[in-house]
Amino acid sequence: MFATIAVSIPTSLFASSSSSSLYLTKLRSPPTLRFSSLALSPLSLTSRRPRHMTTLAQAALGLTHPAAVEHPKVSFAAKEIDVTEWKGDLLAVGVTEKDMIKDDNSKFENSILKKLDTHLGGLLAEASTEEDFTGKAGQSIVLRLPGLGSKRVALIGLGKSASSMTAFRDFGEGVGAAAKTAQAQTVAILLASSEGISVESKPNTASAIASGTVLGIYEDIRYKSEPKKPVLKSIDILGFGSGPELEKKLKYAEEVSSAVIFGKELVNSPANVLTPAVLAAEASNIASLYSDVITANILTAEQCKELKMGSYLGVAAASANPPHFIHLCYKPPGGAVKAKLALVGKGLTFDSGGYNIKTGPGCSIEIMKFDMGGSAAVLGAAKAIGQIKPPGVEVHFIVAACENMISGTGMRPGDIVTASNGKTIEVNNTDAEGRLTLADALVYACNQGVDKIVDLATLTGACIIALGQSVAGVFTPSEDLAKEVFEASEISGEKLWRMPLEESYWESMKSGVADMVNTGGRPGGAITAALFLKQFVNEKVQWMHIDIAGPVWNEKKHAATGFGISTLVEWVLKNSS
């Protein structure tokens, strides 16, 4: 989904006579490099196919270009209509195990299911028994039965109960999967019972279900030679009432779902297509689409050197694809700004590990395109915020984009790099590179005068060992910020778990020749990584680090999840007046 990109390649920073100047260490003054311009034509987020790419030769590797795919426009509506009278392709009913209880005559006790079964001549109860469907989470059956306005009826299991936004989003994804299998164009969704759902929470619940349905139907087909396009056109939400507040929430679900899909496609794109320059062009295109509220500033390697970003440039030094430092700024269309926020995302479009190359079983080098998952979350949030236009809040979206490769100009184990706040770092592992790029990105974010920073990064395997594939680790010294973000995650349905910032572990990060090393020992690896980032944040700024190494990628589907986008958008809205 990338259109033509025209790049004026800057004078190569990588051809410097000494690698020490790349890292801006203070052994001698670095040579003066001339500034050069970077011209990026906006990339289509929808349907243009690239004719050529001039980000050196890397983007043309394998002659692969994403196909022009236009995602179908799905309309949402909240309706009050008798379930037996709704007409369309698929009626999807969310049921708990309690809802599936039958009486002595094998008839449903739940009023909704009883009504449906009556119109179907008892076939719904009979079929559910034959299929051994009990309403367990993850269970589903799709039946084509005569007697209703809908062509098919689907029962989707919710488990023992459903009360969290995570459960309702998962239910929506189950509906989406059923709709995709049935090739349904029109879908109606309802819950067999609404116990535990307050009137106040109904709009958020409907939004979670609608978002889950769209994401459940979505499949990234841009790189397939014979793609199958989804046909869903409309989703009706039944039993949640109607009115402007609910309609507003469904509109919000549409905007956030679009942003999540955008983020997924960024992460899914291979490194031979999504180079740092292409990622920067995608960011520039967001600013072009929402130019009334978002501006873009893409810094070249020379400009980063002027800002003394030696830590970031040290990581980028080995790649033939130059780094691009991305800074988008959202300012509300009117009114006073009461909060200034920064979202910082790790943007390694490929991570080979550098000289500490990723080798052996479990190293996952073949999926290291996802090492820019943090930047995808940040840019996805930027896209959604550009659409929603929340008042009273200024937001900076920051990504230090580059690749971590191997070459004669690259950073070596034992090198010392100097970050833009003057702190020196002994690189004892080139595969702990993400924190080096984030160091300069965090200093830059603080220099924008923000009140709060949230950074997201696929930072450590240690966090996956601790929390598994579904939960992100949260590190922050701020109780207030933790409360805000966790409240946002409860609405988004994304799973976070707060981890300790154990200061005593910093002992393992001390260097004999520099201010610090970039990685400690194996114990507490996610904690020491967070403590490293903390060294580059102004103490007056509230800061949070979210390690998304686990939930950024779905191992079963072999595809990106878009994790973090929904929570970031909710958090920004919480800070909006």
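## Salt bridges

The count of salt bridges comes to 20, where a salt bridge is a side-chain nitrogen of Lys or Arg within 4 Å of a carboxyl oxygen of Asp or Glu. This is a predicted model, in which local features need pLDDT of at least 70 and side-chain atom pairs count only at pLDDT 80 or more, while totals for chains, interfaces and linings use all residues. Residues are numbered from 1 along each chain as its sequence is written, and side-chain values use heavy atoms, with hydrogens and water left out.

Side chains of opposite charge can pair when their charged atoms come close. One of the salt bridges joins the side chains of Lys79 and Asp236, at 3.2 Å from N to O. This pair links distant parts of the chain, since Lys79 lies in strand E1 (residues 75-79) and Asp236 in strand E6 (residues 234-238), 157 residues apart. Strands (E, at least two residues) and helices (H or I, at least four) are DSSP runs, numbered from the N terminus.

## Helix H6 and its partners

Two packed helices are described by the angle between their axes and the distance between the axes. Helix H6 (residues 244-268) packs with helix H10 (residues 373-388) at an angle of about 150 degrees, and their axes are 8 Å apart; axes are lines fitted to C-alpha atoms over the stretch in contact, and angles run from 0 to 180 degrees between N-to-C directions. H6 and H10 are therefore roughly antiparallel to each other, a term for angles over 145 degrees. Residues in contact (heavy atoms within 4.5 Å) include Tyr252 and Phe262 in H6, and Leu379 and Ile388 in H10.

Helix H5 (residues 202-217) also packs with H6, and their axes come within 8 Å and cross at roughly 35 degrees. Among the residues that meet here are Ala206 and Val214 in H5, and Leu250 and Val260 in H6. By class, this contact of H5 with H6 has eleven nonpolar, four polar and four charged residues; Ala, Val, Leu, Ile, Met, Phe, Trp, Tyr, Cys and Pro count as nonpolar, Asp, Glu, Lys and Arg as charged, and the others, Gly among them, as polar.

## A sheet of three strands

An open sheet of three strands has the order E11-E12-E16, with mixed pairing, and two strands pair if DSSP finds at least two bridges between them. The edge strands are E11 (416-418) and E16 (516-517), each of which pairs on one side only.

Strand E12 (residues 424-426) runs parallel to E16, and two bridges join them. Glu426 stands opposite Val517 in E16.

Terms used: Parallel < 35°, antiparallel > 145°, perpendicular 65-115°, else oblique.
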